[in-house]
Amino acid sequence: MRRDVPDRAREDRSSARPLYFAEVCAESLKEDLVHVITFGTFDVFHVGHLRVLQRAAAFGERLTVGVSSDELNLAKKGRLPVFGQAERLEIVAGLSVVDEVFLEESLEKKRDYILERGADVLVMGDDWAGRFDHLSDVCAVKYLPRTPAVSTTALIEKIATPDA
Ligand code: C2G
């Protein structure tokens, strides 16, 4: 596909350090990429987590994941996750479909997180269906079906009482 030479390429011809054409084109291409963002705790990482991240990544070319902090989980669920936030961040960051991770410290700051990172699409599992529709003025909002029959809570119970 042919792309017009961005204005900056022409302007910078006369500047002290010329901005090389390839550099400008790379920047211009980057701006056209669809940036997807999603959020979650991702505790006791399982296949449902993997699939939602893979499907979220398929909506664009760049995937950012907000990993819920330990404090946020304590406030929301009344217990700390099994794996601390540093390990959960490391696990999610290690996936090939994930480009960037950061710590989600408040459910109410989603708008700020989306705007700060320039995300175009917010993807959430359908357990959150409708909860983030108010953000559709800043990005597209998509809810994906959860993977059936797997959950962190069920895994914790199974590990605690394997014969039950
Ligand atoms: N998920 C899924 N299928 C499952 C389990 C989880 O598709 N069987 C999805 C959830 O819908 C969510 C993501 O995996 O999109 C992460 O799930 P959790 O770790 O349970 O995230 P949660 O604690 O609900 O996130 O801002 C939201 C918060 O970060 C909370």
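A: Start with strands β4 and β5 (residues 140-144), which run parallel and are joined by five bridges. Valine 121 gives one example: its bridge partner in β5 is alanine 140. Two strands count as paired if DSSP finds at least two bridges between them. Helices (H or I, at least four residues) and strands (E, at least two) are DSSP runs, numbered from the N terminus.

A word on the model before going on. Its residues are numbered from 1 along each chain as the sequence is written. The model is predicted, so local features need pLDDT of at least 70 and side-chain atom pairs count only at pLDDT 80 or more, while totals for chains, interfaces and linings use all residues.

Now the other partner of β4. Three bridges join β4 to β1, and these two strands also run parallel. Here threonine 38 has valine 123 of β4 as its bridge partner.

Is β4 enclosed or open? Four of its five residues are buried, so β4 is largely enclosed by the rest of the structure. A residue is buried if 20 or more other C-beta atoms lie within 10 Å of its own, exposed if 12 or fewer, and partly exposed in between, with C-beta atoms placed from the backbone. Across the chain, buried residues make up 22% of the 164 residues.

Alanine 119 has 25 other C-beta atoms within 10 Å, so it is buried. What does it touch? Leaving aside neighbours within four places in sequence, alanine 119 is in contact with His35, Val36, Ile37, Thr64, Ile114 and Cys139. Contact means that the two C-beta atoms, placed from the backbone, lie within 7 Å. Alanine 119 also lies 8.9 Å from leucine 63, C-alpha to C-alpha, although the two are 56 residues apart in sequence.

Take contacts between residues at least 6 apart in sequence: 61% of them join residues at least 24 apart. The chain has seven helices and five strands. Along the sequence they follow the pattern α-α-β-α-β-α-α-β-α-β-β-α.

Now the core. The largest nonpolar core has 22 residues, and those with the most contacts inside it are Val36, Ala56, Val65 and Leu122. Such a core is a set of buried Ala, Val, Leu, Ile, Met, Phe, Trp, Tyr and Cys residues joined through C-beta atoms within 7 Å. β4 is one of the elements that give two or more residues to this core, along with β1, α3 and β2. α3 gives the most, with four residues.

Not counting residues up to four places away in sequence, valine 65 touches Thr38, Leu53, Val92, Val98 and Val101.

The ligand is surrounded by 18 residues, and the closest are Phe39, Gly40, Gly48, Gly125 and Arg146. A residue is near a molecule if its C-beta atom, placed from the backbone, lies within 6 Å of it. β1 (35-40), α3 (47-57) and β4 are the elements that give two or more residues to this shell. The most come from α3, with three. By class, the shell has six nonpolar, eight polar and four charged residues. Ala, Val, Leu, Ile, Met, Phe, Trp, Tyr, Cys and Pro count as nonpolar, Asp, Glu, Lys and Arg as charged, and the others, Gly among them, as polar.

Last, the loop between β1 and α3. Phenylalanine 42 sits in this loop. Its phi is near 55°, a positive value in a residue other than glycine. Phenylalanine 42 is buried, with 24 other C-beta atoms within 10 Å. Valine 44 lies in that loop as well, and its phi is near 45°. With 17 C-beta neighbours inside 10 Å, valine 44 counts as partly exposed.
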